[in-house]
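Reader: I would like to learn how to read helix packing and a ligand site in a model. Could you walk me through an example?

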Amino acid sequence: MSKTQDYINRAEEVILHTYNRFPVVLEKGKGVYLEDVDQKQYLDFGAGIAVFALGYGNRKYQEALKQQIDDVIHTSNLYYNVPAIEAAEKLIQACGMSKVFFTNSGTEAIEGAIKTARKYAYHKDGHTDHEIIAMNHSFHGRSIGALSVTGNPHYQEAFRPLMGGVKFADFNDLNSVKAQINEKTCAIILETVQGEGGIYPADREFLEGIKKICEEKDILLILDEIQCGMGRTGEMFAWQGYGVSPDIMTCAKALGCGVPVGAFVLNEKTAKASLVPGDHGTTYGGNPFACAAVSKVFDLFEEEKIVEHVRQITPYFEKKLDELVETYEFLSERRGKGLMQGLVVEGRPVGEIITKALENGLIILSAGNNVLRFVPPLIITQEHIDEMIEKLKKSFESK
Ligand SMILES: *Cc1c(COP(=O)(O)O)cnc(C)c1O
C-alpha cells in the first residue's frame with residue numbers, strides 16, 4: 001500500500017468526514033510547489049485556498065515565527081502584547097481605517113462585523129429588530145451567524161432556524177438591493193469579489209451605488225475581503241481599486257499566510273459608536289504568535305513588492321487564460337481580478353478536470369458549480385504560469 005493510501009485510511013477512521021477530499025496527503029512546501037508523502041510534486045495554484053500569498057518556505061517569515069515561539073506564543077487579551085500592536089498598526093496603515101479586532105478565522109471576523117453593525121444601530125435607536133442585506137451566491141463562513149448571511153440555501157437548509165433579520169439581494173443588481181432596504185436595515189454585506197460563489201467581481205456602478213445608499217441612510221457597508229484582500233487583486237484590498245471604502249472590512253486567509261488569524265476593521269464612525277468593553281471577546285484572537293505572522297506578512301509585502309508584482313504579472317496570466325477560452329469549446333468565459341481568476345466550464349464536470357490536474361501534478365480549485373478557480377501564491381512568475389497552462393491542457397485532453 002502507498003503511504004498516501006495508508007494515511008487516508010487512518011484519516012477516515014478518526015477525522016469527521018465533512019469534506020470529500022482529493023486522495024492526496026501533502027507534507028512539504030517550497031515556493032509555489034507542494035510535495036506529498038509519496039514524494040510527488042504539485043504546482044500549487046490554490047495556495048491553501050488563497051492563503052499562502054508569500055509562497056511556501058519564505059525564510060524571513062519562518063524566522064519571525066520561530067523567534068516568536070521562543071519569546072511567547074500566547075498571553076490572552078487581558079494584557080497588551082507588542083506583536084498585536086504592530087500588526088494592527090500595519091493593517092490600519094494599509095487600509096486607512098481606524099480600529100482592528102483580531103479573530104482566529106474569517107468566519108469569526110464576519111461574526112464580529114455582524115455584531116458591530118447591530119450594536120451600531122442599537123446605539124442609535126435602541127431597537128433590536130435590525131436587518132442585514134446580504135447577496136445571493138455569497139460566502140461568508142459556516143457558523144450560524146456567518147451562514148445566515150451566506151446566500152447558498154444548500155449550505156443552510158439543515159441548520160435552520162438561522163439568525164433572523166437577513167434579506168438577500170442579487171449581486172451587481174442595485175435595484176434588487178434597493179428593494180430590500182427599509183428603516184430597519186443596519187448593514188449591507190458583500191464580498192468585493194465573490195469567491196466561493198464563482199469569482200464575480202463587483203461592478204463599479206454597483207459598489208458606488210451601494211456606498212451612496214449607505215451614506216444617505218447611515219447603513220453600514222461591510223466588505224468581506226477575506227479572499228480578495230491582501231494584494232490578491234493587485235490592490236492591497238480590492239475596494240481600493242474602486243475608491244469605495246467600507247465602514248467594516250473583514251480579513252483572514254492571506255492575512256496570516258498560514259497562521260490562523262482574521263480581523264474585522266472599523267472606520268472611525270463605526271468604531272466610535274459600536275462595540276465597547278464587554279461586548280465582544282476571544283481567548284486566542286490577536287495572540288502574539290498569530291500577530292507576529294500578520295506583522296511579518298505586512299513587512300514582506302512591502303519588501304518584496306508583492307502588490308506591484310501582482311499588477312505586473314496579471315496581464316500575462318489573463319492573456320494565457322483567455323487563450324484557453326479561445327481554444328476550448330467547453331470554456332465559455334474568464335472572470336476575475338489580478339491573481340483571483342475563474343474559468344467557466346460548460347458541459348463538463350469541473351471535479352473531473354481538477355482530479356486530472358492533480359494526477360498531472362497541478363493543484364487548482366473549483367468555485368460555484370462550474371468554475372475552475374485559480375488563486376496561486378502571489379509570487380508566481382511567467383514560468384509558473386506557462387507550466388500551469390501546460391499541465392492544465394494535458395488535464396483537459398486526457399479523458
Ligand atoms: C474563506 C472565506 C470566509 C470564511 O473564512 P474562514 O477562515 O474559513 O472561516 C469568509 N468569507 C470569504 C469571502 C471567504 O473566502
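Predicted model: local features only at pLDDT ≥ 70, side-chain atom pairs only at ≥ 80, totals over all residues.

Reader: Happy to start with helices. At what angle do the axes of H3 and H11 cross?

Author: Begin with two values, the approach of the axes and their crossing angle. For helix H3 (residues 59-71) and helix H11 (residues 288-303), the axes come within 9 Å and cross at roughly 155°. Angles over 145 degrees count as roughly antiparallel, so H3 is roughly antiparallel to H11. The crossing of the two is right-handed.

Reader: Which residues of H3 and H11 meet?

Author: From H3 come Lys60, Tyr61, Ala64, Leu65, Gln68 and Ile69. Their counterparts in H11 are Pro288, Phe289, Ala292, Ala293, Lys296, Val297, Leu300 and Glu303. By class, this contact of H3 with H11 has ten nonpolar residues, one polar and three charged.

Reader: And how do H4 and H11 cross?

Author: Helix H4 (residues 82-95) and H11 have axes that come within 8 Å and cross at roughly 40°. The two helices are therefore oblique to each other, and H4 passes H11 in a left-handed crossing. On the H4 side, the contact is made by Pro83, Ala84, Glu86, Ala87, Lys90, Leu91 and Ala94. H11 contributes Pro288, Cys291, Ala292, Val294, Ser295, Phe298 and Asp299. The residues of this contact divide into ten nonpolar, one polar and three charged.

Reader: What about H13 and H14: which residues make their contact?

Author: Geometry again, then the residues. The axes of helix H13 (residues 350-359) and helix H14 (residues 382-397) come within 8 Å and cross at roughly 125°, which makes H13 oblique to H14. H13 passes H14 in a right-handed crossing. Ile353, Lys356 and Ala357 of H13 make the contact with Leu392, Ser395 and Phe396 of H14. Four of these residues are nonpolar, one is polar and one is charged.

Reader: How far is an oxygen atom of the ligand from the polar side-chain atom of threonine 107?

Author: That distance is 2.5 Å. For glycine 106, a polar backbone atom is 2.8 Å from an oxygen atom of the ligand. For glutamine 227, an N or O atom in the side chain is 2.8 Å from a ligand oxygen atom.

Notes: Residues numbered from 1 in each chain as written. Heavy atoms only, no water. Axes fitted to C-alpha atoms, helices over the stretch in contact; angles between N-to-C directions. Helix = DSSP H or I, 4+ residues; strand = E, 2+ residues; numbered from the N terminus. Parallel < 35°, antiparallel > 145°, perpendicular 65-115°, else oblique. Left-handed = near helix turned anticlockwise from the far one by under 90°. Contact = heavy atoms within 4.5 Å. Nonpolar A, V, L, I, M, F, W, Y, C, P; charged D, E, K, R; others polar. Polar contact = N/O pair within 3.5 Å; in protein donor to acceptor, adjacent residues only side chain to side chain.
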